[in-house]
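Here's a quick walk through a few side chains and what surrounds them. Have the structure open while you read.

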Amino acid sequence: MRAWRMTWAHLSLSRRAYWVVCSMLLGVALHASVSYMSGRVPELLWPVFDSTTSWAFDAFFWWVHAFRLPLFFLIAGFFSRLVRESHGSRGYLKHRTLRLLGPALVIGTPVLILLLYVSCFGWMLSGQCTIR
């Protein structure tokens, strides 16, 4: 029986997964910090703000925001290259369409509708809008 050994490809994949998980957790912390920021982000409709604020949450928000999305694009480029090399150009387009467009339509539509209702409820509770 042949022993399994970790190759550079496995190590590279695990490193990318590590960065994906870390950036996703930073995204959770980023969105949690919005309620406690002393300054408001222009044109960000956030339904809940706390009365106890700190400049540290502002610094944390902008620090994470500066590199998190570019990191996602970088990681997505690595994974896209792997898919294109294994499936070819036509297979790549089919894979991306099924993988991105399908869930976006099936899950995204009800989630957006629910988010609209939750946001409107938060705005009504805070007095930012009223029902006429």
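Serine 33 sits in helix H1, which covers residues 8-33; helices here are DSSP runs of H or I with at least four residues, numbered from the N terminus. This is a predicted model, with residues numbered from 1 along each chain as its sequence is written. Local features need pLDDT of at least 70, side-chain atom pairs count only at pLDDT 80 or more, totals for chains, interfaces and linings use all residues, and side-chain values use heavy atoms, with hydrogens and water left out.

Back to serine 33: its relative accessible area is 2%, so serine 33 is buried. The cut-offs are under 20% for buried, over 50% for exposed, and partly exposed in between, using a 1.4 Å probe and protein chains only. What does serine 33 touch, not counting residues up to four places away in sequence? The list is Phe57, Phe60 and Phe61, where contact means heavy atoms within 4.5 Å. The serine 33 side chain also reaches the backbone oxygen of leucine 30, at 2.7 Å. That sort of polar contact is a pair of N or O atoms within 3.5 Å; within protein, one must be able to donate a hydrogen and the other to accept it, and residues adjacent in sequence count only if both atoms are side-chain atoms.

Next up is serine 35, in the loop between H1 and H2. Serine 35 has 11% relative accessibility, so it counts as buried. Leaving aside neighbours within four places in sequence, serine 35 is in contact with Trp46, Val48, Phe49 and Asp50. A polar atom of the serine 35 side chain lies 3.0 Å from the backbone oxygen of valine 48. As for tryptophan 46, it is 11 residues from serine 35 along the chain, and their C-alpha atoms are separated by 7.7 Å.

Now for charges. Side chains of opposite charge can pair when their charged atoms come close. How many salt bridges does a search of the whole structure find? The search turns up 1 salt bridge, defined as a side-chain nitrogen of Lys or Arg within 4 Å of a carboxyl oxygen of Asp or Glu. The partners are glutamate 85 and arginine 81, whose closest N and O atoms are 3.0 Å apart. Because they are 4 residues apart in helix H2, about one helical turn separates glutamate 85 from arginine 81. Arginine 81 is also 14 residues from histidine 95 in sequence, and 12 Å from histidine 95 in space, C-alpha to C-alpha.

| Residue | Relative accessible area | Class |
|---|---|---|
| Glutamate 85 | 54% | exposed |
| Arginine 81 | 56% | exposed |
| Valine 111 | 48% | partly exposed |
| Cysteine 22 | 26% | partly exposed |
| Cysteine 120 | 28% | partly exposed |

Valine 111 lies in helix H3, residues 108-126. Together with Leu101, Leu105, Val106 and Ile107, Val111 makes a nonpolar surface patch of about 500 Å². Helix H2 (residues 55-106) gives the most to this patch, with 3 residues. Patches are built from residues with over 30% relative accessible area and no salt bridge; like charges are joined within 9 Å and nonpolar side chains (Val, Leu, Ile, Met, Phe, Trp, Tyr) within 5 Å. The areas come from the Shrake-Rupley method with a 1.4 Å probe, and for residues only the protein chains shown count as cover.

Technical notes
Helices (H or I, at least four residues) and strands (E, at least two) are DSSP runs, numbered from the N terminus.
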